[in-house]
Amino acid sequence: MGCTGLGCLAVLAVLCGALEDAPSRGIKCGGVLSAPSGNFSSPNFPGLYPYETECTWLIVVAEGSSVLLSFSHFELEYHDACAYDYLQVYNGAARDRGNLLGTFCGHSPPPPFSSAWHVMAVVFRSDRHVAKHGFAAAYRKDACGGQLTGLSGEITSPRYPESYPNDAECRWSIGGASSGGPLTLVFADFQMEGGQGCGFDYVALFDGPTVTAPRLGRYCGSTRPPRTISSTPHLLIIFKSDFNIGGRGFKAHFYSGECQEVFSTIKGNFSSPQYPNFYPNNLRCQWSIQLPPGYRIKVFFLDMELEGRSILTGGCDYDHLSAFDGGTENGSLLGRWCGRESLAPITSRSNRLLLVLHTDRNTAKRGFSISYVGVVPMNVSCTRTDFHIQIPVQSLAQLERSRIYLGTPSCAAQVVGRNFKIHTRFDTCGTESQRRNNTSVIVSTLYLDFSVGDQEDIHQYEVQCEPKRKEASVTLIAGPDPSRLSQAENLVDTQQREGEVMDTREIKSQDTSDIVFISICILAGLLMVIAVVGLVLL
């Protein structure tokens with residue numbers, strides 16, 4: 001039955017209106033934005049954006065500057081994982097997962113962003129269902145100041161390391177990272193005009209996002225400001241110069257959340273940001289381990305996958321992890337690693353150890369997982385018949401003497417003055433004689449039981465004596481969280497078992513082949529004998 005008259009016209013009007021409001025599909029969008037400032041928006045804004053569209057805007061400003069990006073309107077289809085329509089912001093040109101600053105959808109606009117260098121990329125994508133009004137964004141070049149939301153970053157005064165300009169004022173607001181923890185600021189270089197009260201040129205730090213927050217310090221001259229840790233997830237840095245007399249300025253690094261941690265417990269675990277997912281690019285993270293005097297620190301690499309070595313130099317020139325003895329980057333370098341390697345444990349020479357992760361602008365990987373344990377300070381000596389072990393009580397103040405024993409719990413330590421002491425003969429306490437490198441040695445195991453409740457935590461040290469020379473040594477043989485170590489060891493064990501199974505199969509196959517071959521030879525020999533006998537009889 002057809003439609004006629006006013007009713008049909010009404011239906012046509014409704015259909016035409018719906019088609020007019022419906023978004024079109026697959027229009028061209030995006031491009032390179034190279035002006036010092038500008039605006040861009042989703043296709044058809046403020047109308048509904050089209051279905052099945054992907055747009056990429058590449059923002060490029062002058063080298064040495066950064067890009068400041070902000071959103072004045074934002075309305076995309078919502079999904080809790082932004083799996084349908086979304087907008088992504090990248091800290092650089094490459095769409096590398098390590099450069100991703102965030103993925104956004106719904107009605108909550110993204111925070112302001114400041115790039116780590118002079119390039120930023122914005123990607124918008126819509127699927128085939130549900131369109132919204134989209135977004136409107138603005139960007140500008142900024143050589144001084146900005147909103148910094150990364151886990152880590154670098155801040156420098158204008159024109160650094162050349163002299164900074166007169167009559168300059170810059171503000172860096174750090175915060176907004178997903179971790180939400182305190183921030184650490186470390187100055188690597190500092191040279192500014194001095195003066196009593198820092199009334200001319202200065203850097204001021206505030207424990208919050210605005211100048212109304214408590215002031216953490218005001219600095220000038222040539223003395224580097226101390227390491228500063230905020231009590232909030234925000235930190236405001238203000239740089240100001242007057243009309244004359246300048247200086248080289250400053251360079252500083254900031255760290256936040258999982259990108260900077262200080263450990264003081266006897267053992268612990270930590271990993272790269274977002275592990276086991278890909279770590280972000282443009283990181284400079286620090287993990288500091290600080291134990292009581294006398295301790296040394298043993299580090300176990302449970303898993304590591306970083307960007308590989310440079311093809312040109314063969315070195316770790318891109319992403320790398322470094323370990324420094326003594327707690328600062330001025331200390332002795334214990335190692336520098338990259339790529340995917342199975343690393344042997346390392347042990348510090350002092351009670352402080354610093355690990356630093358550096359990542360560049362592209363090619364992110366899974367990262368690393370590390371476990372460490374403090375090697376307890378102890379004095380081990382021996383005679384031709386006895387072991388003598390002495391441990392300062394202050395090093396194991398949380399332990400009762402019964403939790404410190406050699407070989408068996410019956411050989412527990414005694415408290416003598418300020419020390420735990422164990423004095424025992426070689427024929428007791430589970431000691432045994434072994435031959436190593438053609439030398440007879442006496443070996444036993446020292447146990448330190450840190451277990452709490454049902455959670456077993458026993459550190460084991462091998463104590464060894466060469467009686468002829470009266471020389472003793474001690475080595476940590478077990479300490480980190482057994483469950484975490486076993487996970488890494490199980491991977492190796494599984495591979496080894498698979499190899500052994502293959503070897504066994506090859507051996508069995510080879511054995512079977514040999515048996516068949518020998519059987520054939522014997523049978524052939526018997527047939528030949530029968531044939532010869534038959535010929536003789538004929």
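I looked up an open sheet of four strands and found the order E28-E29-E32-E31, with antiparallel pairing. I note that the model is a predicted one. Strand E28 (379–382) and strand E31 (414–416) stand at the edges; each has a single partner strand, so one side of each lacks a neighbour in the sheet. For the twist from one strand to the next I recorded an average of 25 degrees.

I then examined the pairing of strand E29 (residues 386–392) with strand E32 (residues 419–425): the two run antiparallel and are joined by seven bridges. Opposite Gln390 I found Lys421 in E32.

Next I searched the whole structure for aromatic pairs, which gave 21. Among them, Phe270 and Trp287 are stacked, at 5.6 Å centre to centre with 15 degrees between the planes. Phe270 belongs to strand E20 (residues 267–271) and Trp287 to strand E21 (residues 284–290), so this pair ties together parts 17 residues apart in sequence. I list Phe270 as buried, because its relative accessibility is 4%. Trp287 is also listed as buried, at 0%.

I turned to Phe387 and Phe426, whose ring centres are 5.1 Å apart and whose planes stand at 70 degrees, so the pair is edge-to-face. Phe387 is in strand E29 and Phe426 in the loop between E32 and strand E33 (432–436), 39 residues apart. Phe387 is buried, at 0% relative accessible area, and Phe426 counts as buried at 12% relative accessibility.

I also recorded a cluster linked by ring pairs, comprising Phe40, Tyr49, Trp57, Phe71, Phe74, Phe124 and Phe135. Lastly, I located Arg218 over the face of Tyr202, 3.7 Å from the ring centre.

How values were computed:
Residues are numbered from 1 along each chain as its sequence is written. This is a predicted model: local features need pLDDT of at least 70, side-chain atom pairs count only at pLDDT 80 or more; totals for chains, interfaces and linings use all residues. Side-chain values use heavy atoms; hydrogens and water are left out. Two strands pair if DSSP finds at least two bridges between them. Axes are lines fitted to C-alpha atoms, for helices over the stretch in contact, and angles run from 0 to 180 degrees between N-to-C directions. Rings of Phe, Tyr and Trp (its six-membered ring) pair if their centres lie within 6.5 Å; planes under 30 degrees apart count as stacked, over 60 as edge-to-face and the rest as tilted. Buried means under 20% relative accessible area, exposed over 50%, partly exposed in between (1.4 Å probe, protein chains only). A charge sits over a ring if NZ of Lys or CZ of Arg is within 6 Å of the ring centre and within 35 degrees of the ring normal.
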